[in-house]
Amino acid sequence: MKRKRGNAEIETLAHAKSPKPNKNNAESAKTHLTNLGLGINTAISKMDTRLLADYVAQRTKRFGDDLSVVELEDLYIPEIAILDTKEWDQDRLAANLPDFLIYCAQQNQKSTDLSQAPAKPGSPHTLVLTSAALRAADLSRVLRKFQTKEATVAKLFAKHIKLKNAMSFVKKRRRINIGVGTPTRIIDLLEERALNLESLERVIIDTSFMDRKNRSIFDMKETQRPLLQLLNMDELKSRYATAESPLKLVFY
């Protein structure tokens with residue numbers, strides 16, 4: 001009999017538990033679907049929009065001990081905001097991200113060409129959010145195939161790049177088509193009004209990537225909380241269900 005989807009299934013996928021987990025070895029039990037050789041959690045690619053929304057809600061509760069029920073609910077991501085990409089069958093590795101972006105763009109007939117940048121400086125059509133500066137640098141490199149003389153793939157992270165330098169780059173340099181960075185630095189640039197989201201069409205969340213300690217962007221409070229803060233900003237949240245200028249969250 002087919003098992004009803006719910007919290008148990010979310011935990012099976014998100015934590016990747018084995019069919020018969022050893023109660024005395026929780027760490028080994030939760031890596032059943034994690035490909036340690038590739039450094040990715042393959043469970044993410046198998047989730048539909050409802051499972052992904054529930055996955056985010058569970059991670060929100062995990063680090064929300066200091067929040068009220070109302071505050072937690074305000075941080076939840078609605079299912080309608082999420083683009084369903086479970087049909088995309090490649091491994092969600094850094095090298096495959098360009099093809100994944102092409103796939104995502106094809107789901108929206110009104111999508112801007114990935115190699116084109118909006119006319120306004122500092123106004124990307126795509127943001128890629130990841131957990132660390134080194135990972136952001138890796139993703140920036142593979143996305144350079146979409147960079148042209150008229151469109152810049154911008155590195156937006158804190159390590160080795162001071163905020164004032166990042167602000168100057170975003171405001172004064174060429175137009176940006178894709179921005180790649182960490183949630184905290186993106187928030188800083190938004191608060192300083194260096195970055196503009198009016199042309200944003202999609203936010204790619206680098207969810208499958210696991211660091212050396214087998215943690216994803218949702219498994220660390222220092223990355224998960226800023227990420228949810230960013231995704232719940234009015235500039236983004238107000239557009240999740242609009243037909244005029246729809247914005248999609250995409251879990252990679």
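This is a predicted model: local features need pLDDT of at least 70, side-chain atom pairs count only at pLDDT 80 or more; totals for chains, interfaces and linings use all residues.
Phe218 is buried, with a relative accessible area of 0%. Phe218 belongs to a cluster in which ring pairs link it with Tyr55 and Phe251. The count of aromatic pairs comes to 5.

**Aromatic pairs**

- A pair of aromatic rings is described by the distance of the centres and the angle of the planes.
- Trp88 and Tyr252 form one of the 5 pairs; their ring centres are 6.2 Å apart and their planes lie at 50 degrees, so the pair is tilted.
- This pair links distant parts of the chain, 164 residues apart: Trp88 is in the loop between helix 4 (69-75) and helix 5 (97-106), and Tyr252 is in the segment after strand 7 (248-251).
- Trp88 is buried at a relative accessible area of 7%, and Tyr252 is buried at 1%.
- The rings of Phe218 and Phe251 also have their centres 6.2 Å apart, but their planes are at 20 degrees; that angle is under 30 degrees, so the pair is stacked.
- Phe218 lies in the loop between strand 6 (202-205) and helix 9 (221-231), while Phe251 lies in strand 7; the two are 33 residues apart, and the pair links distant parts of the chain.
- Like Phe218, Phe251 is buried, with a relative accessible area of 1%.

**Nonpolar cores**

- In soluble globular proteins, nonpolar side chains tend to be buried together.
- The largest nonpolar core in this model holds 37 residues, and Leu231 and Phe251 have the most contacts inside it.
- Several elements each supply at least two residues of this core: helix 3 (49-62), strand 3 (126-129), strand 4 (152-156), helix 8 (183-191), strand 6, helix 9 and strand 7.
- Helix 3 gives the most, with 5 residues.
- Another core, of 24 residues, lies apart from the largest one; among its members are Ala133, Phe157, Ile178 and Val180.
- Leaving aside residues up to four places away in sequence, Phe251 touches Ile44, Leu52, Val56, Ile82, Thr85, Arg92, Phe100, Ile205, Thr207 and Phe218.

**Strand 4 and its partner**

- Strand 4 is mostly covered, with 4 of its 5 residues buried.
- Strand 4 pairs with strand 5 (residues 176-181) in the parallel sense, over 5 bridges.
- Within this pairing, Lys155 stands opposite Val180 of strand 5.
- In a regular strand the side chains alternate between the two faces of the sheet.

**Helix 8 and the residue after it**

- The buried residues in helix 8 include Pro183, Arg185, Ile186, Ile187, Leu189 and Leu190.
- An α-helix has 3.6 residues a turn, so residues three or four places apart point the same way.
- Just after helix 8, Arg193 takes a positive phi of about 60 degrees.
- Arg193 is in the loop between helix 8 and strand 6.
- Arg193 is exposed, with a relative accessible area of 74%.

- Asn214 has a phi near 65 degrees, which is a positive value in a residue other than glycine.
- Asn214 sits in the loop between strand 6 and helix 9, and Phe218 is placed in the loop between these two elements as well.

Key. Residues are numbered from 1 along each chain as its sequence is written. Side-chain values use heavy atoms; hydrogens and water are left out. Rings of Phe, Tyr and Trp (its six-membered ring) pair if their centres lie within 6.5 Å; planes under 30 degrees apart count as stacked, over 60 as edge-to-face and the rest as tilted. Buried means under 20% relative accessible area, exposed over 50%, partly exposed in between (1.4 Å probe, protein chains only). A nonpolar core is a set of buried Ala, Val, Leu, Ile, Met, Phe, Trp, Tyr and Cys residues joined through side-chain atoms within 4.5 Å. Contact means heavy atoms within 4.5 Å. Two strands pair if DSSP finds at least two bridges between them.
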